[in-house]
Amino acid sequence: MTCPACRVPVLTQFASSELVGPIVEGGLDPATDPAWAESGAASPAEYARWAGHLCGMTCLRMALGAGAPSLFALRDGALKYGAYTEDAQGVIRGLIYAPFAEYVKQAHGLDATVHRHLSSQEILGLLDGGRTVMASVHYGIRHPQRPAPGRGGHLVLLTSRTADGTGVHFHNPSGTTATTRAAELPLPDFERFFAGRGVSLPAGV
């Protein structure tokens, strides 16, 4: 689906968008997702193990627009550049920004810039300058009416300011409803979840 507000695709990191809520908040086994093969995973087990870690790849898919590779094809590319790692116990680490940016530049020809220290006002400047921003937020951002449990650990794609210019419009790969998948927040509410770092990409690729 293309977002009517910003014309950027709205995608989720789980293949069945209607199952995001049951998976991330209800404990449903991702391996039971009937659309798992659409992700490009080799098996339901691989899909279940990785999909929860692929918010960054979902943001990249949205930024790449129509014709983007599958979620797991992007994962495979990112793995080759070291943007994800696995330790001796098989624990998945990432997304690691610097190798991710190198992957995006080399494999997709996009000028990806790592922002290790990023303010919300700088985000607005990047959006105004024709960039999208993969921002590190807490996944609790899908419940902005609640106190923020923390900052960082999840990635969303900021695509534009809100119509009044004072807030941000973003796409959340783990949004559980249509209004949390393509969401808008006033800047002070966004800041409660934002970790102050991210990666910017050119818009409209």
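1. Cys59 is buried, with a relative accessible area of 0%; buried stands for under 20% relative accessible area, exposed for over 50% and partly exposed for in between, using a 1.4 Å probe and protein chains only. This is a predicted model in which local features need pLDDT of at least 70 and side-chain atom pairs count only at pLDDT 80 or more, while totals for chains, interfaces and linings use all residues. Residues are numbered from 1 along each chain as its sequence is written, and side-chain values use heavy atoms, leaving out hydrogens and water.

2. The structure holds zero disulfides, a disulfide being a pair of cysteine sulfur atoms within 2.5 Å. Cys6 is in no disulfide, and the nearest cysteine sulfur, that of Cys3, is 3.7 Å away. Cys6 counts as buried because its relative accessibility is 17%. Cys59 is likewise in no disulfide; the nearest cysteine sulfur belongs to Cys55, 6.4 Å away.

3. Ala135 lies in strand E4, residues 131–137; strands (E, at least two residues) and helices (H or I, at least four) are DSSP runs numbered from the N terminus. With a relative accessibility of 0%, Ala135 counts as buried. Leaving aside residues up to four places away in sequence, Ala135 touches His154, Leu155, Val156, Leu158, Phe190, Phe194, Arg197 and Gly198, where contact means heavy atoms within 4.5 Å. The C-alpha atoms of Ala135 and Thr58 are separated by 13 Å, and the two residues are 77 residues apart along the chain.

4. Thr180 belongs to helix H7, residues 178–181. Its relative accessibility is 13%, so Thr180 counts as buried. Not counting residues up to four places away in sequence, Thr180 touches Arg142, Asn172 and Gly175.
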